[in-house]
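Open the model in your viewer and keep the sequence panel beside it. The tour goes from one selection to the next.

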Amino acid sequence: MDISQIALKSDKRPLMLEAAMRQHQYRKDSLIEILNTAQELYGYLDKDLLLYISKSLHLPPSHVYGVASFYNLFKLSKPGVHVVSCCLGTACYVKDAEDILSAIEREFNVRRGETDVENRISLFITRCIGACAMAPNVVINGEVIGKAMKQAVVNRIKAMLGGKIVEAR
């Protein structure tokens with residue numbers, strides 16, 4: 001596969017990805033750094049991009065996909081306009097993060113790991129964001145909301161989406 005197949009010629013991202021791989025000398029042990037660069041450039045890691053990285057680093061596609069799918073950091077499909085991540089690490093889980101996650105799923109008709117049909121919101125789970133003292137944690141568009149409460153999170157998302165806000169109980 002030629003790098004020009006990944007994007008239009010006016011798109012500089014393929015050249016930037018190639019430069020990153022060259023900087024890492026196409027080393028197999030640089031896979032995570034290269035996947036991270038690719039995601040920063042493209043926003044997510046689609047099948048063609050993973051195959052390109054696989055061929056460039058002389059790694060089996062199953063290995064590249066395995067690494068990309070193992071880490072919650074990497075997105076394998078295009079996220080919605082807004083991204084919500086709920087932490088389900090131990091501290092967050094015991095403080096009812098699952099209830100917050102379920103409320104988001106119900107209220108916005110989106111399932112964990114997916115994007116709603118209107119492409120407005122993606123809902124992801126993560127195992128730990130390293131803010132256990134603030135559990136439960138929800139990350140909305142990169143902003144951490146510690147000691148999150150179900151209705152407050154739902155209202156925050158509604159406001160972000162331009163919807164009606166319900167008074168917290």
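The stops below cover a helix and then some aromatic side chains in this predicted model.

Start with helix H1, residues 13-23. Select Pro-14, Leu-17, Glu-18, Ala-20 and Met-21, which are buried. Now look down the axis of H1: these buried residues fall within an arc of 160°, so they line one face of the helix. To see what covers them, show helix H2 (31-42) and helix H3 (47-57), which are among the covering elements. Then turn to the face of H1 that points away from the buried side and select Leu-15 and Gln-23, both exposed. Just after H1, pick Gln-25, where phi is positive, at about 60°.

Next, go to the aromatic residues. The structure holds 2 aromatic pairs. For the pair of Phe-70 and Tyr-71, the ring centres are 4.9 Å apart and the planes stand at 90°, so this pair is edge-to-face. Together, Phe-70, Tyr-71 and Phe-74 make one aromatic cluster.

Colour these residues by accessibility. Tyr-71 is partly exposed at 36%, and Phe-70 is exposed at 60%.

For the last stop, select Lys-75 and Phe-124. The charged end of Lys-75 sits over the Phe-124 ring, 4.5 Å from the ring centre.

Technical notes: Residues are numbered from 1 along each chain as its sequence is written. This is a predicted model: local features need pLDDT of at least 70, side-chain atom pairs count only at pLDDT 80 or more; totals for chains, interfaces and linings use all residues. Side-chain values use heavy atoms; hydrogens and water are left out. Rings of Phe, Tyr and Trp (its six-membered ring) pair if their centres lie within 6.5 Å; planes under 30 degrees apart count as stacked, over 60 as edge-to-face and the rest as tilted. Buried means under 20% relative accessible area, exposed over 50%, partly exposed in between (1.4 Å probe, protein chains only). A charge sits over a ring if NZ of Lys or CZ of Arg is within 6 Å of the ring centre and within 35 degrees of the ring normal. Helices (H or I, at least four residues) and strands (E, at least two) are DSSP runs, numbered from the N terminus. The arc is that of the directions from the helix axis to the C-beta atoms. Contact means heavy atoms within 4.5 Å.
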